[in-house]
Amino acid sequence: MLRIVVIFIEIIISFLLQTTVFRWFKLAGTVPNMLLILTVAYGFLKGRKAGLFVGIASGLLVDFMYGDLIGITAIIYMVIGYANGYVGKIFNREDKIVPIVLTGFSQFAYFILYYTFNFLLRGRVNIFFYFMTIGLPEIVYTTLIAIIYYRIISFLDVKIDGILKKEA
Amino acid sequence: MNRRTKFNIKSKHLLIVAMILLVALVIVSFISPNKVSPVKTAVGNVISPMQRGINSVGRSIFERWEKVQNISDLMEENELLREQVNTLSYENKLLLQDKYELDRLRDLFELDEKYAQYPKVAARVIAADPNNWFTVFTIDKGTDDGISVDMNVMAGNGLVGIVEEVGSNWAKVRTIIDDQSNVSGMFIKTSDTCIVEGDLELMEQGVIRVEEINRDAKVEEGYEVVTSHISDKYLQGILIGYVKEITPDPNNLTKSAYLVPVVNFEHLEEVLIITEIKEKLDKPEEE
C-alpha cells in the first residue's frame with residue numbers, strides 16, 4: 001500500500017515537473033521526459049509488472065490531460081515499462097549505469113512509437129527531420145536528467161524496501 | 001505480501017490483457033470522444049491547480065536565472081533604451097496627432113478594428129503539453145470565469161489559438177502553430193480567403209503554412225492575413241500574421257505561402273480570451 005502511494009505521488013510530481021517547471025528550462029526546444037525515466041526505473045528495479053503498471057498510469061495521465069485519443073501514450077509507456085522489466089532480469093538490478101543507458105534507448109523507442117502513431121499515420125513522412133529537431137534533443141536531455149532523477153527514485157525505493165521488511 | 005501468491009498472473013498475460021483494454025479505450029475515444037470527456041475534465045480539475053502552483057515556482061527560478069545571466073546585457077541595453085525613449089517620446093507626440101486625425105477619419109467611415117470590440121478576459125499560461133510534438137497549453141481560467149470551448153485566444157493583437165477543452169478553473173488551448181491546427185483566413189486587402197495550417201517542420205523557422213489561395217488572387221508578400229468571415233469557429237478580423245514566399249501549387253489552381261505569425265509563441269505568459277463565440281448555424285439534426 002505504501003509503495004502504491006509513493007508511486008502515485010512520484011507520477012504526479014514527474015508529470016508536474018514535465019509540464020510546468022521544465023517548460024522554462026527547455027533544451028533545443030524540448031523538455032525531458034520525466035515520466036519515461038520513472039517508468040524505466042520501476043521496470044528495471046521492480047520487474048515487468050511494475051514497469052507495466054507505472055507505464056499505464058503515467059500514459060493515462062498524459063492522455064487524459066493532453067491526448068486526443070485516450071490510450072495511445074499509455075500503450076507506448078506500458079510497452080517500454082514491460083521491456084525494461086525484461087532487461088532488468090538480465091542485468092544486476094543494483095547497477096547504476098545500465099538504467100541510464102536504458103533510458104536513452106527507451107526514449108528512442110518512445111520517439112519511434114510516438115512518431116508512428118501520431119505523425120506517420122497522418123502522412124508526415126519526414127522522419128529524419130523529426131528525429132533531428134525533437135528525437136535527438138529529447139534523448140540527450142532525458143538521459144542527462146535521468147542521471148540525477150534515477151538516483152532519487154532508486155534511493156526512495158531502497159528506503160521503502162527497508163520499511164516493508166521491518167513490518168513483515 | 002500474501003496477496004501476490006493468491007493471484008499469480010504471468011506478466012506476459014497481464015501485458016496482453018492491458019494491451020487489449022487500452023486498444024479498446026483508444027477505439028472508444030476515437031468513435032465517441034464525448035464519452036471520455038467527463039473523465040478528462042475531472043482529471044484536469046485535480047491536476048491543473050497543482051500545475052498552477054508549481055508553475056509559479058518554475059517561473060521564479062527561471063526569472064532569477066535570467067537575471068543573473070543578463071545583468072551586463074541589461075545595463076548596455078538600458079543605455080540604448082534611454083536614448084530610444086527620448087527619440088520615441090518625440091515621435092509619439094507626432095503620432096498622437098496623426099491618431100486623432102485617424103480617429104476622426106474612422107468615425108467618418110464607420111470602420112473600426114473588429115477585434116477591439118470583442119469582450120476579453122486575461123489569463124495566465126500555467127502548463128504546456130508534456131510531449132514536445134504539439135503546442136497545446138493550459139491556462140488558469142475556466143468555466144468559472146466564463147470560458148467555454150471554441151473561444152478564440154489572443155496575445156497582444158494577434159491570434160494565438162482556440163480553447164479546446166475547459167474545466168471549472170482551467171482550459172486547454174490549441175495554438176495555430178500546432179501541427180493539427182487549421183484556421184480559415186483572409187487577406188485583409190483583397191478579401192481572398194485561404195487556409196492557415198500549423199506545421200511542425202516549419203515551426204523552427206518561425207513560420208506556418210498558408211494554403212488554398214486562389215490562383216487569381218492578387219496577393220503580395222507582406223500582406224496581412226486575418227481570420228475570415230467564413231470560419232465557423234474564429235471570429236472575423238483577428239490578425240494572424242504576414243504572408244511571405246507565395247508560390248503557385250503544382251495543380252495550377254491554387255497558391256500556397258508561408259505566414260509569419262504576429263504572436264511570439266516562445267514563452268507565452270499571458271493571453272486574452274475573447275468571451276464571445278461565433279454564432280453557429282442551427283444544425284437540423286441536433287443530438
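1. Helices here are DSSP runs of H or I with at least four residues, strands are E runs of at least two, and both are numbered from the N terminus. Please keep in mind that this is a predicted model, in which local features need pLDDT of at least 70, side-chain atom pairs count only at pLDDT 80 or more, and totals for chains, interfaces and linings use all residues. Residues are numbered from 1 along each chain as its sequence is written, while chains are lettered from A and ligands numbered from 1 in the order in which they are written.

2. Is Phe53(A) buried or exposed? Phe53(A) is buried, because 21 other C-beta atoms lie within 10 Å; the cut-off for buried is 20 or more such atoms, with 12 or fewer for exposed and partly exposed in between, C-beta atoms being placed from the backbone. Met78(A) is 25 residues from Phe53(A) in sequence, with 7.0 Å from C-alpha to C-alpha.

3. Axes are lines fitted to C-alpha atoms over the stretch in contact, and angles run from 0 to 180 degrees between N-to-C directions. Among the residues making the contact are Leu38(A) and Tyr42(A) of α2(A) and Val54(A) and Val62(A) of α3(A); residues are in contact if their C-beta atoms, placed from the backbone, lie within 7 Å. By class, six are nonpolar, five polar and two charged.

4. A second pair in chain A is α1 (residues 2–19) with α6 (residues 127–167), packed at about 165° with axes 10 Å apart. That angle makes α1(A) roughly antiparallel to α6(A). From α1(A) come Leu2(A), Arg3(A), Val6(A) and Glu10(A), which meet Ile153(A), Leu156(A), Ile160(A), Ile163(A) and Leu164(A) of α6(A). Seven of these residues are nonpolar, none polar and two charged.

5. Turning to chain B, its secondary structure comprises four helices and 12 strands. Of its 287 residues, 31% count as buried.

6. Finally, the interface: 36 residues of chain B and 35 residues of chain A take part in the contact. On the chain B side, α2 (11–31), α3 (33–109) and β1 (120–128) each supply at least two residues, and α3(B) gives the largest share, 14 residues.

Definitions and conventions. Parallel < 35°, antiparallel > 145°, perpendicular 65-115°, else oblique. Contact = placed C-beta atoms within 7 Å. Nonpolar A, V, L, I, M, F, W, Y, C, P; charged D, E, K, R; others polar.
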